[in-house]
Amino acid sequence: MSISKFQAVLSSKCPRCRTGKMFSGSAYGLSRQKMHEHCPHCGFKFEIEPGYFYAAMYVSYAFSVGEVLCMALVTALATKSESPWTYIIVLFTTIVLFAPFNYRYSRLVLLHYLSPKVSFNPKYAGVKNKL
């Protein structure tokens, strides 16, 4: 039984086997996030071609815009402040706090949803491949 694409993204799994983890460690922690070069389960190389993850910047930008717009709206409704400094502080804090999330999930969304070269293959889900 394999997990869905959405569950694979939420749990940071490989897009080909949906079993191996793409990242070591958690998104938020004392150690730096590290993405594996190859899937520890099926051996899939995550960076399909050189510079592939530059496209993840666009996904991360879309995430950031959504987060900033939501927080600006919440700040406006909650504080009814007209001071630009209130918004600058809240929005800057939002960007900094969501940066690890955006880094991780922009790459996951790029591989799982926006890459036509990558697709789930159930034959890799159960068998561990030796690198």
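Predicted model: local features only at pLDDT ≥ 70, side-chain atom pairs only at ≥ 80, totals over all residues.

Visitor: Which elements does the protein have, and in what order do they run from the N terminus?

Guide: The protein has four helices and two strands. Read from the N terminus, the order is α-β-β-α-α-α.

Visitor: How does the radius of gyration of the protein stand against that of a compact globule?

Guide: The general idea is to set the value beside a rule based on the number of residues. For 131 residues, a compact globule would have a radius of gyration near 14 Å, whereas the protein has 18 Å. Along the principal axes, the C-alpha atoms fill a box of roughly 60 × 30 × 25 Å.

Visitor: What share of the residues counts as buried?

Guide: Buried means under 20% relative accessible area. In this protein, 33% of the 131 residues count as buried. The accessible surface comes to about 8500 Å², and carbon and sulfur atoms hold 67% of that surface.

Visitor: What about contacts between residues at least 6 apart in sequence?

Guide: Of those contacts, 63% join residues at least 24 apart.

Visitor: Which residues have the most contacts inside the largest nonpolar core?

Guide: That core has 18 residues, and those with the most contacts inside it are Cys14, Met22, Cys39, Phe44, Phe46, Phe53 and Leu111. Helix α3 gives the largest share of this core, four residues. To see one member in detail, take Cys14. Neighbours within four places in sequence aside, Cys14 is in contact with Gly20, Met22, Cys39, Cys42, Phe44, Phe46 and His112.

Visitor: Turn to Val118. Where does Val118 lie, and is Val118 buried or exposed?

Guide: Val118 lies in the loop between α3 and α4. Its relative accessible area is 9%, so Val118 is buried. Beyond its neighbours within four places in sequence, Val118 is in contact with Pro15, Phe44, Ile48 and Leu111. Val118 and Phe46 are 72 residues apart along the chain, with 9.5 Å between their C-alpha atoms.

Visitor: And Ser11: why does Ser11 count as partly exposed?

Guide: Partly exposed covers the range between buried, under 20%, and exposed, over 50%. Ser11 counts as partly exposed because its relative accessibility is 24%. Ser11 is placed in the loop between α1 (5-10) and β1 (23-24). Again leaving aside neighbours within four places in sequence, Ser11 is in contact with Ile3 and Lys21. Ser11 and Ala56 are 45 residues apart in sequence, and their C-alpha atoms are 18 Å apart in space.

Visitor: How many salt bridges does the structure hold, and which side chains meet in a salt bridge?

Guide: The structure holds one salt bridge. The side chains of Lys117 and Glu49 meet there, at 3.1 Å from N to O. Lys117 is in the loop between α3 and α4 and Glu49 in the loop between β2 (34-35) and α2 (56-79), so the pair ties together parts that are 68 residues apart in sequence. Lys117 counts as exposed at 62% relative accessibility, while Glu49, at 38%, counts as partly exposed.

Visitor: Last, the surface. Which residues make a nonpolar surface patch?

Guide: Phe6, Leu10, Tyr113 and Leu114 make a nonpolar surface patch of about 440 Å². Leu114 is found in the loop between α3 (84-113) and α4 (123-126).

Methods:
Residues numbered from 1 in each chain as written. Heavy atoms only, no water. Patch = residues over 30% accessible without salt bridge, like charges linked within 9 Å, V, L, I, M, F, W, Y side chains within 5 Å. Areas by Shrake-Rupley, 256 points an atom, 1.4 Å probe, with all protein chains shown as cover. Salt bridge = Lys/Arg side-chain N within 4 Å of Asp/Glu carboxyl O. Rg over C-alpha atoms; globule rule 2.2 N^0.38 Å. Buried < 20%, exposed > 50% of the residue type's maximum accessible area, 1.4 Å probe, protein only. Contact = heavy atoms within 4.5 Å. Core = buried A, V, L, I, M, F, W, Y, C linked by side-chain atoms within 4.5 Å.
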